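Subject: Structure handover

Hi,

Here is the structure I promised to pass on. Please open it next to this message and follow along.

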Amino acid sequence: VCILAVETSCDETSVAVVENGVRIRSNVVSSQIETHRRFGGVVPEIASRKHVESITWMIEEALQQAELTTDRLSAIAVTQGPGLVGALLVGIMAAKSLAYALELPLIAVHHIAGHIYANQLVQPIEYPAIALVVSGGHTELVYLEAPARFRIVGQTRDDAAGEAYDKVARALRLPYPGGPHIDKLAHEADVAQEMPRAWLEPDSYDFSFSGLKSAVLNTVNQAQMRGEALQSAQIARGFQESVIDVLVTKALRAVNEFSARQLLLAGGVAANRGLRAQLSERCAELGVPLIVPPLSLCTDNAAMIAAAAFLKWERRDFAELDLQAVPLLNLETW
Ligand code: ATP
Ligand code: MG
Ligand code: FE
């Protein structure tokens, strides 16, 4: 079973062909980061236009790299949400057109389900599992009782982890997106600037990063007012240690409480070297099986969308051709 998937929820256009939900035949990704960089963030209108420019040739490219003709495809999958409505629409239009023209079923996929099922491309997921989802727009601990049955046990009350990374990076005058730059800078410091950790209520799996973000901004402002040089690397390291400490501690507590057989890491911030190292170390100590996707499958890509779509294929859970984009799609009812 070969599923062609399209992902256009934010600033990456991607088309992939995946066999049986596990074998990547192709995964073509075109990032718009360079285009948005001078604005310091994603400009929705520009993102939509860029998706329109690339989607057609990328579908052809994905088929060519997969060495497949369209008659070998079983279904067309597409990200329905969450994401930027105009950006989502471009992918949905392309997917609908393909499904209609090729007389193939259409499968709607939740973007975060995709991030989580990137893990299935690495090794089979065993249930129950806990997923730590850390991306540009989401920070969640998700309990997976069975395939595609999601329950959010904790989530951010303010900024997402990736959002905090990008805002702190901006304060430290690093280029957009800031996550990878903070990660690199943090590794260059030999000491960390002490930063607060938001544990919230003792039994809570929720997260909060706005206090931490403010602490960084205050440190930067104070240094400026005193006319002191900014200890960027130490601040980056302090910030990163605080984020990782809370994420790892809460994820492992959830694994224990929910008797999870595996911990899955998902989302763009999963590309963070510090987080990957710390999580592997703690999981090894505690004997918790951990799956961490390779970097290329952590950030937005269509292979993960095809992997999640395969679960719906198995249930023959298809979408109609009047499918709508849903910018705030719910993961639990998806
Ligand atoms: P969502 O998936 O929630 O809709 P998104 O698709 O925009 O949001 P992703 O593409 O999954 O988010 O991830 C992008 C985020 O990951 C950005 O905030 C970026 O700074 C962050 N990121 C990427 N690499 C790293 C890294 N090495 N360390 C920390 N953050 C990183
Ligand atoms: Mg992105
Ligand atoms: Fe994403």
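The buried residues of helix H7 pack against two partners, H5 and helix H8 (232-257). Keep in mind that this is a predicted model.

**Helix H7**

H7 runs over residues 210-226, which makes 17 residues. From first C-alpha to last it reaches 24 Å. That is close to the 24 Å expected at 1.5 Å a residue. Leu212, Lys213, Val216 and Thr219 are its buried residues. They sit on the same side of H7, because they cover an arc of only 125 degrees around the axis. The face turned away from that buried side carries exposed residues. These are Ser214, Asn218, Asn221, Gln222, Met225 and Arg226. Just after H7 comes glycine 227, with a positive phi of about 70 degrees.

**Around ligand 1**

There are 25 residues around ligand 1. Which come nearest? Five glycines do: Gly136, Gly137, Gly162, Gly179 and Gly268. By type, the shell divides into 15 polar, 7 nonpolar and 3 charged residues. Three helices each supply at least two residues of this shell: H4 (111-117), H5 (161-171) and H6 (179-186).

**What the record says**

The UniProt entry is unreviewed.

*Serine 135.* It lies in the loop between strand S6 (129-134) and strand S7 (139-144). Buried or exposed? Serine 135 counts as buried, because it has 24 C-beta neighbours inside 10 Å and the cut-off is 20 or more. Leaving aside neighbours within four places in sequence, serine 135 is in contact with His115, Ala160, Gly162, Gly267, Gly268 and Val269. Gly162 and Gly268 are also among the residues that come nearest to ligand 1.

*Asparagine 272.* This one lies in the loop between strand S9 (262-266) and helix H9 (273-286). Asparagine 272 is buried too, since 28 other C-beta atoms lie within 10 Å. Not counting residues up to four places away in sequence, asparagine 272 touches Gly179 and Asp183.

Best wishes

Methods
Residues are numbered from 1 along each chain as its sequence is written. Chains are lettered from A and ligands numbered from 1 in the order in which they are written. This is a predicted model: local features need pLDDT of at least 70, side-chain atom pairs count only at pLDDT 80 or more; totals for chains, interfaces and linings use all residues. A residue is near a molecule or strand if its C-beta atom, placed from the backbone, lies within 6 Å of it. Helices (H or I, at least four residues) and strands (E, at least two) are DSSP runs, numbered from the N terminus. Ala, Val, Leu, Ile, Met, Phe, Trp, Tyr, Cys and Pro count as nonpolar, Asp, Glu, Lys and Arg as charged, and the others, Gly among them, as polar. UniProt positions are given in the numbering used here, feature names are shortened, and annotations may be inferred rather than shown by experiment. A residue is buried if 20 or more other C-beta atoms lie within 10 Å of its own, exposed if 12 or fewer, and partly exposed in between; C-beta atoms are placed from the backbone. Two residues are in contact if their C-beta atoms, placed from the backbone, lie within 7 Å. The expected span of a helix is 1.5 Å times one less than its number of residues. The arc is that of the directions from the helix axis to the C-beta atoms.
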